[in-house]
Each structure stands twice: as structure tokens, then as C-alpha cells.
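Hello,

Here is the structure I promised to pass on. Please open it first, then read my notes below.

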Amino acid sequence: MKARPLTLFALLYLFVLYAPILLLPLFAFNDGTVIAFPLQGFTLGMVRPPAGDAGAAFGHAQFADHRGERLAPGDLPRPFRGARGNALPVSGQGGDHGFHHAAAGPAGGDRCDLASGRADAAGPRKRLWSIILGHTLLCIPFSIAILQGSFSNMDQSLEEAADRPRRDAVLDLPAVTLPLVAPGIVASLLICFTISLDEFIIAFFLSGNAPTLPVYLWGQLRFPARLPMIMALGTILVVLSILLLIVAETFRRRGLRRAGVKDSGGFL
Amino acid sequence: MNALTRALRSEGGKGLTMVSPPLVYALLLLAAPLATIILFSFWTQNFLEIDRTFTIANYAEALSDPLYRELMLRSLRISASVTAVTVILAFPVAYFISFHVRPDRKSLWLFLITIPFWTSYLIRVFLWRVILAFDGPVNGTLIGLGIIDEPLTFILYNVNAVVITLAHAFAPFAILPIFVSLEKIDRSLLEAARDLGESKAMTFLRVTLPLAMPGVLAAVLIVSIPTVGDYVTPRLVGGSGGTMIANMIYAQIFDLNDRPMGATLAVLAMAIVALTLIWGISRLRFWLWLAEGWGLWAALAAALAEIAAIRAFFLLGPAILGAPATVLGLLALATLGSVLIFVMVPKGRAGI
């Protein structure tokens, strides 16, 4: 490679681009609740508790999604039960939840508590549907971009050759066209999954009392004591995204190879 | 009926039927909320009850309250700085990938650059708060190296932190369009310029840069539009000095229970962003045109004169005309100028 300063600049740029992600596991395996350099200790001893909590949180999110009913205070994971560490008294009146949670959190009007307590006539199930609709809208352009790539790389003559005897494009679809663009379809499925998994704003505005993982994390950012858990959960989320991405990229490249075209870049 | 079937069987008709489900879906899910927001902005809310009488009181209040104006101007300023930082830093990287990386390695570089973008936005922003913190890695390293004695305090919970974080988050959006337009440049043009005696720097300035301008412009648009309305970053790293218009919209809708006001601010923000961008693009075309015909000084003078005029209008206007009239008048005049420029001034060499 020529042009040394430019190379150095590009490498430095790449390093800064990755700085947050590189620091994430470093902090997740750190045993202090205060995140700062120098790291207090580099033991693996703290990995298990946060990882366990993370599992609980993830499970909670799924639980909340699938139950399709309002959470009772006893069902909430620990941070929701108030700073005093014990569960909130079961009020029995759904409308009170918001007040209890807001009063229990260290910061008065904590957003996630409000979200989980906002008594909404439409239940979580309906909320979930609105998030799905929003994420679908968000994913359509990305999906189109990726699929467009695999369609434009497809050799048109193959489809034409198949077309000749029957003159029916609909019949060609499963036999010829679909296998050719299948890697593109898989890649766009994975990308859409990743986008929806990480999306925050739409879920934040629409989730109500069935938070998705990023919305749950947002609520936890307020609690300094929960930092190791946030970091562990964040690591899991990031690792999952990167794994999905690498698989998607592999599929995309396989599609390109199958179409016999030279690779010309990433997803966007 | 017959005509309809024939129309559907034609090449264009087939395409239209195929594309219509997602198109209808996208239109419905974009148009319906947009229409609701515009409708809401003409209503008022009294605690929980929405008063459906048509009024423009929200707009009058939004345009005259100095708090909203300050937040909107700050959002525009932050967005402009983020765009400048992102595009200036992204250009050398895109240039490097396009001109100095081996062709078979290019896709790997692009993949590496896009990976951070696909990871959770929330986590990345939060990690910037950790990195820039009082006792975070940046301060720790600088103190450890003996460059500074006390931790830097101007890098967290203010506008700088928002700019740094957003510039990081939007980096791939700037690199990719610039890279695409650099890739499209015919390399033989550069050779021709060198053969005809241009220096390396002049070749870059007079051939590469103008040809890459469409990509740069796309990068500017892609970065500046979403950054004006960012919510998460100012909330997490901005502190009170870095609050932006989106935070105010959120506060109006959820915390203050004033949905119509939030809707009004959203509509105004959309309009102002659109008009500001149109202003920027049209003036760029005008200044480049002036620089080509009358020289660099004429362009510089025109630019400074207009910016000074806008500042004066903004300072003196509220006292004479009242705040809403000042803002609306300024927007109207600037947009009139933009339209005139788009009609009268031809596209320059840079394709703007």
C-alpha cells in the first residue's frame, strides 16, 4: 500500500470507529460498578452475576411480549422493584404502577418506569403490533437495497432460457429465480432481524408496558449500580448483531459468487 | 376491463402490481402519522382533553417563544458541525479505500466500516458517555501521558459531546456515498490531467474533487437531516447545554401532556430543516457560479453579505415586526432566493 499518511489516517479512523465496541467487553468483565480507568480488577468473577441477570432480563422481555397482559409488580425484575431492594407492595390496581415505579426509582420520573406503568387501554399485544408495523417500515428500504443487488447481479439470460418453453414467468419463480436470489433473501432477512433487534426510538415510543431489550436497557442506564449488567447485556446484544451480520455477509457473498460477479462492497 | 387487463399485463403494469403492496404499506405508514401530526398541530390540549377547534395559536407560540427558537437554532448548529466534521473526516477515508486499497480488499474495508453501524445505537451512545467521562479512557490516557494535569471537562455533557458522538454514529453514512462517487471517476481522466502538466494537488482540486461532489452532497444530506432530530444522543451525553429540539418535542408530548405543541414543533422542525437545506444547496450553487465567473472574492463577498444580512434581520426583526413575522419572513425571503437561484443559475462543474 502506498501513501503512508493516508493509510495511517484510515487505520486510526477505523480504530476510533471501533473504540466503543472494543471497550464494551473490557467493561463487561470489569468488577467495579464505577466504569473508569484504571480498571479496578480484571477478574472473571463478576461475569456470572451480570450474565445471569442479563438472562433474566432477556427472558423478562420475552415473557412480557408473549404473555400479552399487564405485568404484576412481582413479575418485574429486580431493578423495577425499587431502590430499597424489596418488592413493591402489590397494589392490585393497575393504574397505580406508574406512580409506584416513579417513586421507587432513584430519578423521579424515570422513563422506563413510566413506560412500564403507563396504563394504556390498548394492551401490550396491540403495542407489540404497532412496533412490528414500525420496524417493518424501517426495514423495507434496507431489504429492497440488498435484494435489488442480488436481482441486478442475476444473469437475466438464465431466466429467459427457462422462460422459452413455457412462456410463464410465474412458474420460473420457484425453479429458477428463487434459488438464484436465495442468498440475498437470507441476507436481507438477517439484516432486518438485526435492525429490529437493535432499534430503539420506535420501540421506545410505542412499547408501553412490554419493553423490548433496548428499551429495557434505556431504563437501566439510570441506575449506576446496574452498570455491569448493562455492559454484559450490551455485549450480548453487540455480539449477536455482529454474528448475524457476518452470517448475512457470507450469504450475500455466496450469492454473488453464484451469480459469477465480482464483489463491489458492503450492504449499503 | 379489457384495457385494464392489457395494462396489467404490460411490462410497466407488471412492475406496478409487484411494487404496489410495499408502496401502499410505506405510504400508509408514512402518510398517516404525518397527516395526524399536521392535524394535531392545529388543535390544543387542556391537560388530558384535546380541543378540536382549529387554531394557529400553537404556531404563534412556537415561533415567538425564545426557548423553542434557541433549541431549534442549536439543533441546526449541532447538525451543521456534525456534518462538517463527519464529511471532512470521511472524505480521506473514502479516498483511501477507493484509490489506495487493492480492488479485492475494498469490500472487506467497506464491511469493516459498516459493522459498527449495525450494532445497537443506544449502546454506542452510552459507551461514548463512558469514554468521554470525567474519569474515562480519554482523560485517563491524557493524564497518564502527562499531556494534561486535570481531566478535560468540556468533552462531556455539552454540545461538544453531542457532536463527537453523532459524528461517530454517522460516519458510514458519509463514507459510503463519497466512496461510490469516487469509484465512478474514470481513472484515465486523472492520467490525462497529469499528462497535460497539472500537479498532483491541482489534479485533485480540479478533477477529482468536482467529480466527487455529488457524493459529498449526498453525504451532507444523509448526515444533516437525521442529526437535527436526534433524541438519544443529546439525552445521554448532552447534559442541559446540549438539549435539542427532539428532546423538547418528546417532553411536550409525554412529560407535559401537550401533544398538539409537540406536533407543532415537529412540523416546524421538518419545514425549517427542509428550507435550510434548500438554502444551503442553492447558495452553494450560486457561490460556485460566482467564483467561476467573477472570481473567488466575489463569491466570498456574496456569502458574507448574505450571512450578515440574515444575522441583522434576526437581531433587529423581532423588535420591529415581532418574532413570528421575523422567522416566517426570513424563511420566505431565503426560499424565494433559493427558487430564483435554482431557476436562473445553471448547474456548475461540480454537478450542484
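The buried residues of helix 3 of chain B pack against several neighbours in chain B: helix 2, strand 1 (44-46), helix 4, helix 14 (259-294) and helix 16 (323-344). Keep in mind that this is a predicted model. Which residues of helix 3 (residues 57-64) are buried? They are Asn58(B), Tyr59(B), Ala62(B) and Leu63(B). Seen down the axis of helix 3 of chain B, these buried residues fall within an arc of 120°, so they line one face of the helix.

Now the interface. On the chain B side, 49 residues are in contact with 63 residues of chain A. Between them, chain B and chain A bury about 5000 Å², and 81% of that is on carbon and sulfur atoms. In chain B, the most area is lost to chain A by Phe111(B), Trp118(B) and Leu122(B), together 15% of what that side buries.

How many salt bridges cross between chain B and chain A? The rule finds zero. For polar contact across this interface, the rule finds four residue pairs, both residues at pLDDT 80 or more.

Several helices of chain B each supply at least two residues of the side that touches chain A, among them helix 2 (11-40), helix 4 (66-100), helix 5 (103-118) and helix 6 (121-132). Helix 5 of chain B gives the largest share of that side, 13 residues. By class, the side of chain B that touches chain A has 37 nonpolar, seven polar and five charged residues.

Best wishes

How values were computed
Residues are numbered from 1 along each chain as its sequence is written. Chains are lettered from A and ligands numbered from 1 in the order in which they are written. This is a predicted model: local features need pLDDT of at least 70, side-chain atom pairs count only at pLDDT 80 or more; totals for chains, interfaces and linings use all residues. Side-chain values use heavy atoms; hydrogens and water are left out. Contact means heavy atoms within 4.5 Å. Buried area is the accessible area (1.4 Å probe) that two parts lose on being put together, summed over both. A salt bridge is a side-chain nitrogen of Lys or Arg within 4 Å of a carboxyl oxygen of Asp or Glu. A polar contact is a pair of N or O atoms within 3.5 Å; within protein, one must be able to donate a hydrogen and the other to accept it, and residues adjacent in sequence count only if both atoms are side-chain atoms. Helices (H or I, at least four residues) and strands (E, at least two) are DSSP runs, numbered from the N terminus. Ala, Val, Leu, Ile, Met, Phe, Trp, Tyr, Cys and Pro count as nonpolar, Asp, Glu, Lys and Arg as charged, and the others, Gly among them, as polar. Buried means under 20% relative accessible area, exposed over 50%, partly exposed in between (1.4 Å probe, protein chains only). The arc is that of the directions from the helix axis to the C-beta atoms.
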